[in-house]
Amino acid sequence: MTIDPTPLFSNARKAFQAWSMTAFEERCAILRQYASALESAKQSLAETIAREIGKPLPESLGEVGAMIGKVEISIHAYEQRCAEFTGGPSVTRFRPHGVLVVLGPYNFPGHLPNGHIVPALLAGNTVIFKPSEYAPKTAEAMLAIWRETPLPKGALQLIQGGPEVAKTLTAHPEVDGVLFTGSARTGKLLARQFAETPGKVLALEMGGNNPLIVDTPNIADLEQAAKTTVESAFISAGQRCTCARRLIVINSEKASDFFDTLVLQASGLSIGDPFADPPPFMGPLAHPTFAEAVLTAQADLLKAGATPLLPAKALDLGKAYVSPGILEVTGLTNLPDEEVFGPLLQVIRVNGLDDAIRIANQTRYGLASGILTDSRDRYQHAYQRLRAGIINWNAPLTGASSAAPFGGIGDSGNLRPSAFFAADYCAYPVASIERGE
Ligand SMILES: NC(=O)c1ccc[n+]([C@@H]2O[C@H](COP(=O)([O-])OP(=O)(O)OC[C@H]3O[C@@H](n4cnc5c(N)ncnc54)[C@H](O)[C@@H]3O)[C@@H](O)[C@H]2O)c1
Ligand SMILES: O=CCC[C@H](NC(=O)CCC(=O)O)C(=O)O
């Protein structure tokens with residue numbers, strides 16, 4: 001599909017002139033109206049998400065809850081990170097960039113684009129939003145909720161489509177910046193495209209090949225360790241950027257008990273319709289092609305010599321359903337350093353903490369990492385050496401807080417973290433030496 005985005009950009013530019021001049025308090029008030037409209041539409045928006053991408057309803061409700069929470073957190077973040085201040089002879093204030101394009105992923109079709117849109121509007125930018133081609137209805141529902149507020153016309157516009165539409169938007173001369181959440185492959189294409197225009201803001205939130213270290217010699221509660229592992233790897237059917245992809249297990253006489261417990265828990269997870277009562281732990285993947293991709297990645301790893309501890313299987317429930325898979329890949333060389341975006345966990349056994357850390361860091365990514373251990377000293381040893389934007393201790397790798405910065409290093413991002421730090425990429429500082437009455 002070819003589109004001419006020029007009218008969208010002219011509307012956005014026109015709206016920017018007024019919106020960027022609107023008092024901050026007024027922008028806050030409109031955002032708060034959006035939060036309360038979201039609250040009223042919580043159930044129906046969650047149902048749209050569940051229907052569209054297969055996320056179990058309670059989790060979809062949690063996603064909408066995070067969207068509502070984003071408003072107050074973003075206001076607080078802006079007030080803290082973009083507050084006027086005096087340093088030496090200069091007073092520094094913050095300005096919006098202009099017209100920003102937001103490109104969303106499919107796995108959190110509400111929460112993640114919302115995590116760019118809310119701070120961008122709050123800072124005084126106007127936004128053109130292109131959601132994932134796999135989640136157009138969630139985006140339409142979000143826009144309908146915004147229309148219940150007095151947000152000026154043109155401040156937030158929606159355009160549907162896939163990569164071609166996205167490329168037309170990002171290549172438009174009137175774009176002042178792109179706020180992107182998606183795969184490293186796409187993010188790198190954008191980085192290349194923007195290399196010629198360093199003055200435009202580009203925030204890239206991308207994937208990971210996230211390691212979770214299990215320090216079996218120093219864990220008393222193996223059940224809990226297995227539970228935290230299962231949640232890290234299989235929540236949202238493995239479709240979170242922070243999901244554990246590699247499980248690095250430090251050997252001990254307790255290791256085989258840990259594996260037995262892990263496989264028992266993973267094989268017992270309930271999988272089913274997102275609207276089922278009681279709700280399943282996991283729904284389907286967002287699209288049948290994503291289920292195929294997981295099974296292909298598993299077949300490739302098995303061909304390379306992996307041993308299945310629990311093979312992932314296509315389920316009769318529907319074409320997008322895959323059961324959790326756990327493969328042992330210890331000792332295999334030339335494993336692809338790729339993010340498999342689904343419920344597939346690769347296990348590597350090692351003999352000590354330093355080996356575990358070395359292997360954890362053997363990735364071009366650097367989003368989430370963590371260690372399960374009863375020893376604070378060993379956590380601190382790992383903390384000082386792991387390279388990632390998230391380093392957790394005895395907690396799942398997933399479930400990051402919007403009240404903290406969220407982003408990774410390496411191919412996981414371009415060091416413009418989102419969540420609490422989104423305020424930083426939505427505005428730029430202007431320092432003024434002012435000599436006048
Ligand atoms: N770090 C984070 O905050 C975060 C959060 C959620 C998902 N993710 C990552 O997102 C990925 C899953 O999402 P996805 O499959 O929707 O990602 P994707 O990269 O395929 O698509 C993301 C968006 O980019 C658009 N796009 C695709 N090709 C493009 C191109 N050539 N130029 C411009 N835009 C293009 C898509 O239409 C979509 O809107 C996973 O890698 C996951 O780890 C990262
Ligand atoms: O799929 C990627 C997002 C995973 C999610 N992270 C957040 O929600 C970050 C917080 C925010 O952006 O407000 C998770 O860690 O589960």
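Pro278 sits in the loop that joins helix H10 (255-267) to helix H11 (288-303). Helices (H or I, at least four residues) and strands (E, at least two) are DSSP runs, numbered from the N terminus. The model is predicted: local features need pLDDT of at least 70, side-chain atom pairs count only at pLDDT 80 or more, and totals for chains, interfaces and linings use all residues. Residues are numbered from 1 along each chain as its sequence is written, chains are lettered from A and ligands numbered from 1 in the order in which they are written, and side-chain values use heavy atoms, with hydrogens and water left out.

**Ligand 1**

- The shell around ligand 1 holds 27 residues, and Glu133, Ser183, Thr186, Met206 and Glu339 are the closest. A residue belongs to a shell if one of its heavy atoms lies within 4 Å of the molecule.
- By class, 13 of these residues are nonpolar, nine polar and five charged. Ala, Val, Leu, Ile, Met, Phe, Trp, Tyr, Cys and Pro count as nonpolar, Asp, Glu, Lys and Arg as charged, and the others, Gly among them, as polar.
- Helix H7 (163-170), strand S6 (177-181) and helix H8 (184-194) each give at least two residues to this shell. H7 has the largest share, three residues.
- Domain 1 (6-206 + 413-433) and domain 2 (210-393) both contribute to the shell, so ligand 1 lies between them. The domain bounds come from an automatic or database domain assignment.
- The space taken by ligand 1 is the largest pocket. On a 1 Å grid over the protein atoms alone, a pocket is an open set of points where a 1.4 Å probe fits, with protein on both sides within 12 Å along at least five of seven lines.
- An N or O atom in the side chain of Glu339 is 2.5 Å from an oxygen atom of ligand 1.
- For an N or O atom in the side chain of Ser183, the distance to a ligand 1 oxygen atom is 2.7 Å.
- Tyr106 uses a backbone N or O atom, 3.4 Å from an oxygen atom of ligand 1.
- On its own, ligand 1 has 840 Å² of accessible area, and the protein covers 91% of this. Areas come from the Shrake-Rupley method with a 1.4 Å probe.

**Ligand 2**

- Ligand 2 has 14 residues around it; Lys70, Arg240, Cys241, Gly399 and Ser402 come nearest.
- Six of the shell residues are nonpolar, six polar and two charged.
- Ligand 2 also lies between domain 1 (6-206 + 413-433) and domain 2 (210-393), because both give residues to its shell.
- Ligand 2 sits in the second largest pocket, meaning that more than half of its atoms lie within 2 Å of the grid points.
- A polar side-chain atom of Arg240 is 2.8 Å from a ligand 2 oxygen atom.
- A polar backbone atom of Cys241 lies 2.8 Å from an oxygen atom of ligand 2.
- Gly399 places a backbone N or O atom 2.8 Å from an oxygen atom of ligand 2.
- The protein covers 96% of the 420 Å² of accessible area that ligand 2 has on its own.

**Backbone details**

- The Asp277 to Pro278 peptide bond is cis, with omega near 0 degrees.
- Asn394 is a residue other than glycine with a positive phi, near 55 degrees. Asn394 lies in the loop between strand S14 (390-393) and strand S15 (405-406).

Notes: Polar contact = N/O pair within 3.5 Å; in protein donor to acceptor, adjacent residues only side chain to side chain. 1 Å grid on protein atoms, 1.4 Å probe; cavity = no way out; pocket = protein on both sides within 12 Å on 5 of 7 lines; lining within 4 Å.
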